[in-house]
Amino acid sequence: MDNRVFIRLGAGALCLGVAAPALALDASIEGVEDKLADNIEIYLDGLDESQYQAERLEAEVRRLVSEALRPFGYYEPSLTVRFDDPESPTRVDLDIDKGEPVRIEQLNFAVEGAAAEDSPFAKAIEAYPQKKGDVLQHAPYDALRSELSGLALQRGYFDWRFTQRRLEVRPWDHSARLSLGLDSGQRYHFGKVYFRGQHIEPERLQNLVPFEEGAPYLAGQVARLNQNLGQTEWFGSVSVRPRLDQGPQALALPPQEAGWWHSLDVADIPPAPPAPPRISSQALGAAAELQAPETPQVPIDVLVTPADRHQFETGIGYATDVGPRARLTWNQPWINRYGHSWNHDLYVSGPEQKFSGTYTMPLEDPLRDSYELQYGIRNKDSEDTESLEASVEFGRRWKFDNGWEQYLYVRSTYEDFTQAGESNQVLLLYPGVRWSRTRTRNPTFPTWGDRQQLTVQYSNEAWGSDAEFLRINGDTQWIRMLGDDNRFVGRLGVGSVSTDDFSNVPPSLRFFVGGDNSVRGYSYESLSPEDDEGRLIGGKQRFVASVEAQRRIADKWWLASFVDTGDAFTDWWPEQLKTGAGLGVRWISPVGPIRFDVAHPFDDDDAYRIHFSIGPEF
């Protein structure tokens with residue numbers, strides 16, 4: 001099938017040695033299509049016809065077309081070239097006959113050395129997309145060559161070399177023979193890891209190394225070490241590099257002295273193990289000749305610098321639930337040589353003011369296992385709730401390979417509160433456990449994700465607590481995409497407090513529903529059981545569910561429709577849940593998604609309620 005493709009070949013031409021006015025040369029291509037036509041277009045697009053005499057322009061066009069067809073196995077095309085004006089052309093017509101293609105006659109791919117027993121190399125060769133008798137294509141051969149060399153470097157075959165690398169084409173015979181041989185040599189194994197510039201104890205840093213000395217080298221493990229060190233937030237910069245040359249030109253990473261700002265904190269840190277001594281190239285060569293090591297090793301050099309010891313962040317915002325709000329955080333990512341951290345958070349809004357702090361003590365695995373001491377004071381004045389709360393909590397946190405996190409703690413809380421006109425003061429001491437997991441893709445505006453959380457708390461008068469209760473609270477949220485322009489968000493939350501003396505359960509442990517992230521159409525925490533005067537008393541149980549569908553209407557704009565339902569109640573199950581539904585707009589701004597919703601409550605006198613917030617769903 002003929003296919004006509006029009007392209008611009010340049011501007012201007014020389015005719016009879018005199019510069020002519022700059023002209024655009026149009027071209028049409030017939031006889032080829034798809035990738036072949038596209039490649040010819042690319043080749044001709046770079047033609048600068050002003051550099052050629054008119055009589056030489058045809059020869060250059062023929063050469064470029066022939067070169068464009070060769071990667072697809074056509075080495076003997078027939079080409080008709082017609083210019084509209086032989087002396088000063090403005091248009092050329094190309095009629096191409098591809099000719100008989102070159103077909104693969106022989107494939108000879110082999111891996112020698114230690115990599116011959118390494119399965120990724122065999123899989124790469126087995127996955128080669130062409131077989132004997134197929135029309136030759138250059139791209140798969142080049143891709144296989146790059147993949148094998150990349151695997152060699154990624155998997156520690158640093159002495160690799162190609163013993164064969166030949167693509168033999170016989171145009172007269174319309175055949176090709178492909179040969180590719182890799183001699184990997186020995187596989188290197190991990191040597192010792194040397195830290196420089198550290199302010200944390202070397203033993204604690206060694207616990208972050210994801211591989212054992214003597215294990216086969218993998219570039220992914222080096223990247224993971226870099227990631228582990230960065231996740232601790234102890235360092236301002238991290239550089240992890242394998243030392244591939246142990247001769248006189250070996251990678252040198254001189255230790256970095258701590259400044260006065262850190263000197264008091266790092267003075268007692270034991271020195272890191274010294275680097276291997278340097279020897280002359282002659283001595284090294286002589287030693288190598290006597291006996292080469294059976295398994296070559298590559299040491300890993302790590303250069304780190306301390307993170308800023310005091311980090312401050314401020315933020316202001318607005319939400320219909322609480323109105324204007326402000327936050328100030330003071331974070332100390334490390335305060336001593338053991339990697340302990342300390343952070344404080346001050347939050348201020350109309351109905352709530354809170355100051356809290358967390359002291360974290362990493363254990364043997366700093367990223368997965370730690371003790372935490374939390375404390376804080378909170379004042380809340382919202383609807384029919386007035387509360388002043390002070391708390392101290394001590395717990396241990398575990399992070400597991402499957403993404404789940406477990407937090408086991410003991411909490412002491414003193415709360416002076418007035419709820420629906422009834423005042424009380426309670427001192428509670430209770431243990432708790434929380435399991436949680438959050439998974440997202442593109443955290444700023446997740447296109448896929450889910451979050452689960454389950455908390456169990458128990459208080460008993462036997463150990464001095466003023467109330468006896470069992471409290472269970474769980475939430476799950478899901479985000480999924482259908483195609484590129486349809487996004488769905490679902491939420492479900494349940495909770496229950498089992499107690500014989502609800503009056504001693506403070507407002508912070510009762511359930512209230514309603515607001516931006518609960519049941520839209522109702523004000524913040526406005527749904528709960530009421531007393532005889534219509535004042536909120538808080539619920540023993542809660543149920544919340546939501547379904548939201550979003551549709552992209554522009555690059556960063558989404559239209560949303562939703563239905564929320566739920567309530568807080570005393571007797572499970574209520575006669576009727578409160579329901580709200582509405583429409584909203586989402587704009588993915590540089591500071592995060594901005595959400596604007598208009599919701600209608602079906603069980604309230606208000607016709608609608610506006611909800612506005614900034615930030616992703618989770």
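Colleague: Leaving aside neighbours within four places in sequence, which residues is S179 in contact with?
Modeller: S179 is in contact with N108, F109, Y141, Q164, R165 and R166. Contact means heavy atoms within 4.5 Å. Before going on, two caveats. This is a predicted model, where local features need pLDDT of at least 70, side-chain atom pairs count only at pLDDT 80 or more, and totals for chains, interfaces and linings use all residues. Residues are numbered from 1 along each chain as its sequence is written, and side-chain values use heavy atoms, with hydrogens and water left out.

Colleague: Fine. Where is S179 placed?
Modeller: S179 is in strand 9, residues 175-183. Strands (E, at least two residues) and helices (H or I, at least four) are DSSP runs, numbered from the N terminus.

Colleague: Why does S179 count as buried?
Modeller: S179 counts as buried because its relative accessibility is 12%. The cut-offs are under 20% relative accessible area for buried, over 50% for exposed and partly exposed in between, with a 1.4 Å probe and protein chains only.

Colleague: Do strand 7 and strand 9 run parallel or antiparallel?
Modeller: Parallel, joined by 9 bridges. I104 stands opposite A176 of strand 9. On average, neighbouring strands of the 7-9-8 sheet are turned by 5° against each other, direction ignored.

Colleague: Switching to helices. At what angle do helix 3 and helix 4 cross?
Modeller: Roughly 175°, with the axes of helix 3 (residues 119-126) and helix 4 (residues 138-154) coming within 10 Å. That makes helix 3 roughly antiparallel to helix 4. Axes are lines fitted to C-alpha atoms, for helices over the stretch in contact, and angles run from 0 to 180 degrees between N-to-C directions. Under 35 degrees counts as roughly parallel, over 145 as roughly antiparallel, 65 to 115 as roughly perpendicular, and the rest as oblique.

Colleague: Which residues make the contact?
Modeller: Helix 3 brings P120, F121, A124 and I125. Helix 4 brings L144, E147, L148, L151 and A152. By class, that is 8 nonpolar, no polar and 1 charged residues. Ala, Val, Leu, Ile, Met, Phe, Trp, Tyr, Cys and Pro count as nonpolar, Asp, Glu, Lys and Arg as charged, and the others, Gly among them, as polar.

Colleague: Next, T305. Which strand is it in?
Modeller: T305 is in strand 12. T305 is the bridge partner of S237. The side chains of T305 and S237 also make a polar contact of 2.6 Å. A polar contact is a pair of N or O atoms within 3.5 Å; within protein, one must be able to donate a hydrogen and the other to accept it, and residues adjacent in sequence count only if both atoms are side-chain atoms. At 17% relative accessibility, T305 counts as buried.

Colleague: How many bridges join strand 11 to strand 12?
Modeller: 7, and the two strands run antiparallel. Strand 12 covers residues 297-306.

Colleague: Last one, S528. Where does it lie?
Modeller: S528 lies in the loop between strand 23 (486-499) and strand 24 (541-552). S528 is buried, with a relative accessible area of 10%.

Colleague: What does S528 touch, not counting residues up to four places away in sequence?
Modeller: F511, F512, L536, I537, G538, G539, D567 and A568. A polar atom of the S528 side chain lies 3.2 Å from the backbone nitrogen of G538. S528 and A568 are 40 residues apart in sequence, with 4.6 Å from C-alpha to C-alpha.

Definitions and conventions: Two strands pair if DSSP finds at least two bridges between them.
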